[in-house]
Amino acid sequence: MNMSKLGWSLGLITCVLALGGCAAPASGGLEVSAAWARTSPTLAMAGAVYLQITNSGTADDALTAVSVDATVAARAELHETVATGSNMGSSPMMEMRPVDRIVIPHGQTVMLQPGGYHVMLMDLAAPLEASSQIRVTLTFEHAGQIAVTADVRDTAP
Amino acid sequence: VGSVTLPDASNGGAALPMRAEPDGLLIVYFGYTSCPDVCPTTMSEVGQAIRALPTDLTARIDVAMVTLDPDRDTADRLTDYLGHFFARSHAVRTTDADQLDAAAAAFQVRFSVEEHQPGSDYKVSHTAVTYGVDETGTVRVEWPFGMRSDAITSDLLILLAE
């Protein structure tokens, strides 16, 4: 995964917010990085945010909730796109499901990416425009809240 | 699929045959605009793939998206949605469920609209294959969900060189 300059700066920001300083990764050592959201068509009601979460701590954690400011969208939910019913060589149906929690095992990185887990933004307050940024707050079982800034872009990084 | 025609909502509802112009390629996708992940991902990759082509080849490609959710996808919404990804495109929308079912079956598209109360949010599960149809109405290529734009571009170069 390309750890862009932005990814680093986001990582540092989240580190500061989550732990009140980067020196003591006692609350689990979660790092959220590479957050981005896809631009949305003018009349679209839904959007998606993608990011990655690295757990360098010694215990598992879980992402349990997500929220955005009402100026971005009325609601945000954790969703998963699942491919189902691809038996006998037929193409799978892509189905979207809300998820209650996403486990972040210790020592691993979990990706929220197209075709998998994502943060779904519902009832967008305004179109998501390229080069803007949105703030997303993630709630973890153990690490508590971590706020990240997602870059809005037309294409996947 | 060349015998299938569907209303082109971005062209006043004129019948759009599911086959390409002579020497061209018609790219067809079935989806819906309230889909936040799979559909915009696919449209974005296809749009990038087309923009990566030389302009003389771009001119030979048409894109049509058929909505599986005509209740919420008005002609305006679908046209706006496609305009976000493509310079030129066809917003295909029929409110005749039998016509939509027949068109989907011709492409072997499967879909299912989640049961919902009127006015409440709902999802549509669907196969997410993008089809490339030639001037005879033959599907020449199927891109499964998850194809990146550079792979689509190289397929387009091969098909348009024929």
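Trainee: Where do I start? Is A:Trp36 buried or exposed?
Mentor: Check the relative accessible area. For A:Trp36 this area is 5%, so the residue is buried. The cut-off for buried is under 20%. Keep in mind that this is a predicted model.

Trainee: And A:Tyr50, buried or exposed?
Mentor: A:Tyr50 is buried too, because its relative accessible area is 1%.

Trainee: How many aromatic pairs are there over all chains?
Mentor: A pair of aromatic rings is described by two things, the distance of the centres and the angle of the planes. Over all chains, the count comes to five aromatic pairs. In one pair, A:Trp36 and A:Tyr50, the ring centres are 5.0 Å apart and the planes meet at 35°, so this pair is tilted.

Trainee: Why does that pair tie together parts that are apart in sequence?
Mentor: Look at the strands. A:Trp36 lies in β1 (residues 30-38) of chain A, while A:Tyr50 lies in β2 (residues 46-55) of that chain, so the pair joins parts 14 residues apart in sequence.

Trainee: Which residues form an aromatic cluster?
Mentor: Turn to chain B. One aromatic cluster is formed by B:Phe30, B:Phe107 and B:Tyr131.

Trainee: Which ring has the charged end of B:Arg72 over it?
Mentor: That is the ring of B:Tyr122. The charged end of B:Arg72 sits 3.6 Å from the ring's centre.

Trainee: How do I describe one residue, say A:Leu30? Where is its place?
Mentor: Go step by step: element, burial, neighbours. A:Leu30 belongs to strand β1 of chain A. With a relative accessible area of 6%, A:Leu30 is buried. Now compare sequence with space. A:Leu30 and A:Asn55 are 25 residues apart in sequence, yet 4.6 Å apart in space, C-alpha to C-alpha. Setting aside residues up to four places away in sequence, A:Leu30 touches several others, including A:Ile53, A:Asp61, A:Ile104 and A:Phe140.

Trainee: Let me try A:Met96. In which strand is this residue found?
Mentor: A:Met96 is in strand β5 (residues 93-98) of chain A. Its relative accessibility is 10%, so A:Met96 counts as buried. From A:Met96 to A:Ala83, the C-alpha atoms are separated by 8.8 Å, and the two are 13 residues apart along the chain.

Trainee: With which residues is A:Met96 in contact?
Mentor: Leave out neighbours within four places in sequence. Among the rest are A:His79, A:Thr81 and A:Met120, and also B:Pro36 and B:Lys123 from chain B.

Trainee: Next, the cavities. How many of 30 Å³ or more does the structure hold?
Mentor: Ask for the number, the volume and the lining. The structure holds two such cavities. The largest share, three residues, comes from β2(A). By type, the lining divides into nine nonpolar, four polar and one charged.

Trainee: What is the volume of the second largest cavity?
Mentor: About 60 Å³. Its lining residues include A:Thr81, A:Met94 and A:Met96, along with B:Tyr32 and B:His126. Here β5 of chain A and β7 (124-127) of chain B are the elements giving two or more residues. The largest share, three residues, is from β5(A). This lining splits into six nonpolar, two polar and one charged.

How values were computed
Residues are numbered from 1 along each chain as its sequence is written. Chains are lettered from A and ligands numbered from 1 in the order in which they are written. This is a predicted model: local features need pLDDT of at least 70, side-chain atom pairs count only at pLDDT 80 or more; totals for chains, interfaces and linings use all residues. Side-chain values use heavy atoms; hydrogens and water are left out. Rings of Phe, Tyr and Trp (its six-membered ring) pair if their centres lie within 6.5 Å; planes under 30 degrees apart count as stacked, over 60 as edge-to-face and the rest as tilted. Helices (H or I, at least four residues) and strands (E, at least two) are DSSP runs, numbered from the N terminus. Buried means under 20% relative accessible area, exposed over 50%, partly exposed in between (1.4 Å probe, protein chains only). A charge sits over a ring if NZ of Lys or CZ of Arg is within 6 Å of the ring centre and within 35 degrees of the ring normal. Contact means heavy atoms within 4.5 Å. On a 1 Å grid over the protein atoms alone, a cavity is a set of points where a 1.4 Å probe fits but cannot get out, and a pocket is an open set with protein on both sides within 12 Å along at least five of seven lines; lining residues have an atom within 4 Å of a point. Grid points are joined across faces, edges and corners, and a volume is the space filled by probe spheres set on the points. Ala, Val, Leu, Ile, Met, Phe, Trp, Tyr, Cys and Pro count as nonpolar, Asp, Glu, Lys and Arg as charged, and the others, Gly among them, as polar.
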